[in-house]
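Here is a short briefing to read alongside the sequence and the model. Please keep both open as you go.

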Amino acid sequence: MTRHLTITAVRLYEYVMPMKRGFGTARGITNSARNIVVRLEAELAGETLTGLGECVPRGALTGDSRDGSWSFLLEAARRIEAARVPIAGAEASLDEIRRIMSGLRQLADKSAPSRVGKPFRGTLAGIDIALLDLVARAHRVPMSVLLGEQRHRVGVSAGTISTAKTRDELADRTRRDAKRFPMSRFKGTGEIGQDLDFLRLIAETNRAAGADKPVWVDVNEGLEPEEAREFIDRVAELMVAGRLPETVIVEQPVTKAHPSVLAELQRRANTRLAGSTRKRTPATLWAGRRSPSRWRNHGPLRLSVLADESLWDADDLAELARGGGVGGINIKVPKVGGVLAALDLATAAVANNPYLEIYVGGMLATSDITSWALKNLAMAMPRLDYFTTSPPSNVEARIAEPHLRYRDGGSHLLGDQDGDGLGLTLSLADVGPFVTRSARVPAPTGQTGDEPTPNRFDLPHLDKFGKKQLDSHLLEYEALSRGLDTVRYDPLRFAAGRRGEPPAIGFSWTAGTQTSRVSTYVTGNKQVARTMLQRAGVAVPDGRRFMLDERAEALAYAHKLGWPVVVKPQSGTGGRAVTTQIGSDHEFEWALDAVGEAGYRDLVVERHVEGVAYRFVVLRDRVLSVVYRRPAGVFGDGDSTVAELIGQQNGLRAGVQRLQTTPLRINDRVRFQLERQGLAWDSVPAAGCRVVLSTAGSVTQGGESMQVVDETHPSLLEEAVRAVRGVPGLVYGGVDFLIPDHTKPLAEQEAAICEINASPASRTNHFPLFGPARNVSSELLLDQCAAHGVAASEPTGELCLDVEIRGRVQRVGYRQWMKKLARMYGVEGWIRNTEDPELVEAHLVGPAGPVAAIAALAISGPAKARPDSVRCRHHSSPESSSGRFVIR
Amino acid sequence: MEQTATHAPGTRDESRPVGRSRLTGMRMDSSLLETAALGIGWACVRLSPLTFVATEPGTGREFGFRGSSSTSTANIGREIAKDARHRRTALTAAGVNVADEPAAGGRRLRILVVGETAATVVDTEGRDVRHEVDDAVLNLATSAVAAIPGLAHADVVVDGEPAGVADIDPAPVLSRTLTPELRHVAANALVQNLAGMRDTTLDWQADVRLDVVAQGSADDAVVRRRLRRRARELGVDLSLGRGSNAVSASVEGPLESVGALPALLYGGRTTPALVETSVRESSREGVA
């Protein structure tokens, strides 16, 4: 009977690893990177096994984003928890892993923002590695054997030199490595003159050291196509003149946006070198060994163009081949979405073109988990020409053991692995100081305090909006559903008006035509706002503004006020760099540093008012909503670590997470709060114990929202209205009120208004974590309509819209993009190109929510599109009755 | 009749007392608007060198100003006007002709539209050419402002033949584009439009008495010294009052000079949190 391994738990640790020395490429200097360790726990015939992987999300390069990737990873972890993998033969196990990863790729497509193609590859790679490690351990073999080992040893082709090195440092490093590595590799700056100079310098240094070996420059998309052509020409000239070695590699000179240029550059290089009469030198000796056979007796000089960023998968490989092909490809595991995907891509590449050189590259600031995984992959590749994953010595801490090392001090060969799978153990003590988030799937089930059940909002058509964009969409949705036509200018700005007339009202985020620049200035400047509120007779805390360099004066003022005090930036938003309950000189200094580190130059010192933060949303003389914002915190269950409890809390909030909350993270501020309570990220708080993670209630700082307007005392509502009236020209605003008890009269407690906001977020009111929702967008829209004499009808549940999208919207995949979205949301209609190359027309019919969502997302479109405007007009009757959405 | 510029736009008016010449650009605009507001009897509270609030007596209505923007300049209007793509979208949707850049033929004009009228019209040399411009061109400018939601006033640049809108500045720096005489016209129009007033002419040289209260400074002694120095530079009479938590004073002199005083109190680290000013009613005779 086939044995099956069953995954019982998934633990995730997101960490930010600083580098010892910044590493420069044509893109800039990298000083740290964010990775996520995936630790799988499984059961096999009564035995517990673990598997380790590392997600390497690198933005556009891997189709990842910070919060999007984490949310996706949590969902993926829930999918693979309880997954079963047969442990009969390697092929059956690998097939099952391929099936699991295929399912996760489909999940990724559904979860990603609409503009991202092939999303979350850096995240998928970590899951794939963890699965392979786990299964290899179950088979009791190293991962390379599970994958089909092709070679026993792997050597590093070259140590890569950063752009941060000076000319002298470059020469020194080249000299040191001359006899060690088969090649010299450096990062190009994208400045042709300097890169050519460095090529020559390296070549001369190597020759002087008796190692005339190939030179390789990685330009990391740093050149424009015309510059790249010039660069290739000049490199070829130097090679023909004998000033560069017989083999030179130029890696990814242009961006992925120019798919045909790489192949064109390779053809150009071949042509420039074809007539060369340069005599080849005898095979070069280096490090006591002969250079590999592929560099001996080679025929003509060889200038190889190598594709890196341009190659994600088989589609890109085919596109490169269609253009005429390149000299080699760099298969990076996080870029292609996993070890198996890398292996499959290499197999396909070799089958298509046996002469294509294959290179396995590494990633900056990753750990030994990634390094060992890449070494195992390299040992199983059907062809391997180059490998540049060296032991990760340039990071602050090594988080897994044993460390990958060279075989000996002078060797380019990597050491052997002991143990099955990757043979690694994660060191929580070493990764701990760098952890920013952690989660456990299944979530801990212990006590979490006497908490109400969080809301869940099942609105998938809102998933693809950014947070501010969602606020703007909620207003446009109200306008469209109430019969107004709209023009959207960008994701945060639109105008609306009666059908067939120019729009009379407009919104910039949630600021309507009644919100002036002056009121925005007054509310954005905390000192001016305090002055205005005091004039209006509103209770505000005593306070004063200081420049950041007036530390002594600020501290003296804090002493004058008396502890505790609050420090916040003069013009900050979202609770950023705000520290409350400061009770000592040390904490005061820390708070000032936080203001400076957040990039602000001036700050406000205020008396601390005891109470919790409430956000009142005021429209003229009415309070539409009161949201109680509890600072971020978790309840202990006596079993889970603080980090796991944070992960659990994020899971509970997932139903509103994309709509309004911000996930809790372990950052310096949280560590500071934990330290105040004598805790650390891996402490296990007692059951029922509340652990405070922040003293600011802002939802962007992880605060929790609860709608309480119906139970708020009228005197508090009146005070909030007075505050908004105190700012000239402000009719709609958010008032941040510190109140000990919102059900008691103002006169019976010490409460104070600490901030006022001219453009308050709407989503917190529409989608509170707890309590009933309040449609503030509808109220605001109707008010603006009334102020401008625009008649709005009762809301309708169905919409039928004619949509015009102008800008760069043809030949960019726009119609396919909208078709996919429409089908996903159950919207019918059509889309077509017009004779005007800058205009696409669509007809959308269906439920009001999804139709309006597509209309709002249309201003972004697919990645290559650049829409200038989206105009929506109501259509009296639907044209489509097919129930489908088609491209005409 | 064409008015001739006595000082080129954007240059310092050397005839002004040295005190007022300290104000340039948006600071000068803000001061001019405050002076215009004081001239029609509004009480003002200055919050920064560029920002003040004016209160209409009787109704208690408050209006805010920052540079030449006011509470009638919505964020959305300003943002659409300043972004060339958004502006083109809004103007085209309203059927307003948009000029190509660079425009072919025609005459480049800068028209300050306030409400539904053109307050000033100048050419590229800064000359007042209002009476040479066809009504159709003025209507084009007012239509352009009306086409942008949330815009009550703006500088519209018209160019080309046929005339089209080349640019819209929702917060023009009046002191850079207008002569001193036209700045007064523009300031009057901007302030009075907010209150729904029309064509109330101010005598900027009429003598008035201004009450000033500066509050919230970290060091009132510094504010007192600055007040004395600025009054001396402006050539106005100053009488300092006594008070523990504020600096109060009474100033007498031409409206244009005493109106500049509040903005001149800002500068350096020790500035007041606010400066409240009002023209004593008994002294306002003959101003408006």
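Predicted model: local features only at pLDDT ≥ 70, side-chain atom pairs only at ≥ 80, totals over all residues.

Residues are numbered from 1 along each chain as its sequence is written, chains are lettered from A and ligands numbered from 1 in the order in which they are written, and side-chain values use heavy atoms, with hydrogens and water left out.

**Chain A overview**

- Chain A has 26 helices and 37 strands; helices (H or I, at least four residues) and strands (E, at least two) are DSSP runs numbered from the N terminus.
- Of the 888 residues in chain A, 60% are buried; here buried means under 20% relative accessible area, exposed means over 50%, and partly exposed lies in between, using a 1.4 Å probe and protein chains only.
- Among contacts in chain A with a separation of 6 or more, 76% are between residues 24 or more positions apart, where contact means heavy atoms within 4.5 Å.

**Helix 5 of chain A**

- Which residues of helix 5 of chain A are buried? In this helix, residues 167-177, they are L170(A), A171(A), R173(A), T174(A) and D177(A).
- These residues lie on the same side of helix 5 of chain A because they cover an arc of only 165 degrees around the axis; the arc is that of the directions from the helix axis to the C-beta atoms.
- D168(A) and R176(A), on the other side of helix 5 of chain A, are exposed.
- The cover over the buried residues of helix 5 of chain A includes strand 5 (160-161), strand 6 (184-187) and helix 6 (192-208) of chain A.

**Helices 7 and 8 of chain A**

- Two packed helices are described by the angle between their axes and the distance between the axes.
- For helix 7 (residues 225-240) and helix 8 (residues 259-274) of chain A, the axes come within 9 Å and cross at roughly 25 degrees; axes are lines fitted to C-alpha atoms, for helices over the stretch in contact, and angles run from 0 to 180 degrees between N-to-C directions.
- That crossing angle makes helix 7 of chain A roughly parallel to helix 8 of chain A; angles under 35 degrees count as roughly parallel, over 145 as roughly antiparallel, 65 to 115 as roughly perpendicular and the rest as oblique.
- The crossing of helix 7 of chain A with helix 8 of chain A is right-handed, a term used if the near helix is turned clockwise from the far one by less than a right angle, with anticlockwise giving left-handed.
- Residues of helix 7 of chain A that meet helix 8 of chain A include A228(A), I232(A), A236(A) and V240(A).

**Buried residues in other helices**

- D783(A) sits in helix 24 (residues 776-787) of chain A and is buried at 13% relative accessibility. Leaving aside neighbours within four places in sequence, D783(A) is in contact with L619(A) and R620(A).
- A37(B) belongs to helix 1 (residues 25-39) of chain B and is buried, with a relative accessible area of 0%.
- Not counting residues up to four places away in sequence, A37(B) touches W42(B), C44(B), F52(B), A54(B) and V191(B). One of these, C44(B), is itself buried, with a relative accessible area of 1%.
- N188(B), in helix 6 (residues 180-194) of chain B, is buried at 11% relative accessibility. Leaving aside neighbours within four places in sequence, N188(B) is in contact with A36(B), T200(B), L202(B) and W204(B).

**Backbone details and cysteines**

- A cis peptide bond, with omega about 0 degrees, joins E401(A) and P402(A); P402(A) is in the loop between strand 15 (400-401) and strand 16 (425-426) of chain A.
- In chain B, the peptide bond from E161(B) to P162(B) is cis, with omega near 0 degrees.
- Q252(A) is not a glycine, yet has a positive phi of about 40 degrees, and is buried at 0% relative accessibility.
- A82(A) has a positive phi near 80 degrees and is partly exposed at 45% relative accessibility.
- How many disulfides are there over all chains? The count comes to 0, taking a disulfide as a pair of cysteine sulfur atoms within 2.5 Å.
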